[in-house]
Amino acid sequence: MPLFDYRTFVSFEETNVVGNVYFANYFVWQGKCREAFLSRYAPRVLDDFKAGYGMITKDSSCVFQNEAFAFERILIRMGLDKLTRTGIAMEFDYYREEDGGGLTLLAQGRQTTIWISPEHRVAMLPPYLFEAIKKFVDAETETREAEQA
């Protein structure tokens, strides 16, 4: 599955009184990862947002495996689960980047978004966004297949 990587660094602001990352931040990171993808591959989306269109979260989930703490480097890998004409379902794997290059799985999440019109009705994804996602998936698939050959 083609993956989009997003990295973040845990600050004290993201931790709770116990010292581990507060669970809600995993959902914040889903949004930041998604927005980083849009910024890189479909920056025109910002013009649509300014015109009243939007991308709303229909559902989101996260299953936690290990805890994360302040000052840790986190890698979030986002993959496409499903692309329809009106929405996108994404999967997220959260890893702690260990010294020496290893990864420790922290959590696995999922998010479904739908595109809405300025009237807040479900609408078709703009063609440039639909094509940007397809192009990313196709390009990443070709790259991974070439690396395996």
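Arg96 and Glu72 are both buried, buried meaning under 20% relative accessible area, exposed over 50% and partly exposed in between, with a 1.4 Å probe and protein chains only. The model is predicted: local features need pLDDT of at least 70, side-chain atom pairs count only at pLDDT 80 or more, and totals for chains, interfaces and linings use all residues. Residues are numbered from 1 along each chain as its sequence is written, and side-chain values use heavy atoms, leaving out hydrogens and water.

**Salt bridges**
- The structure holds six salt bridges, each defined as a side-chain nitrogen of Lys or Arg within 4 Å of a carboxyl oxygen of Asp or Glu.
- Arg96 forms one of them with Glu72, with the closest N and O atoms 3.0 Å apart.
- Salt bridges with shared partners join Glu72, Arg96 and Glu98 into one network.
- Asp5 pairs with Arg77 at 2.9 Å between the closest N and O atoms.
- Asp5 lies in strand β1 and Arg77 in strand β3 (residues 73–83), so this pair ties together parts 72 residues apart in sequence; strands are DSSP runs (E, at least two residues), numbered from the N terminus.
- Glu97 forms a salt bridge with Arg7, the closest N and O atoms again being 2.9 Å apart.
- Because Glu97 lies in strand β4 (residues 87–97) and Arg7 in strand β1, the pair ties together parts 90 residues apart in sequence.

**Accessibility of the partners**
- Glu97 is buried, with a relative accessible area of 18%, whereas Arg7 is partly exposed at 49%.
- Asp5 is partly exposed at 29% relative accessibility, as is Arg77 at 24%.

Key
Helix = DSSP H or I, 4+ residues; strand = E, 2+ residues; numbered from the N terminus.
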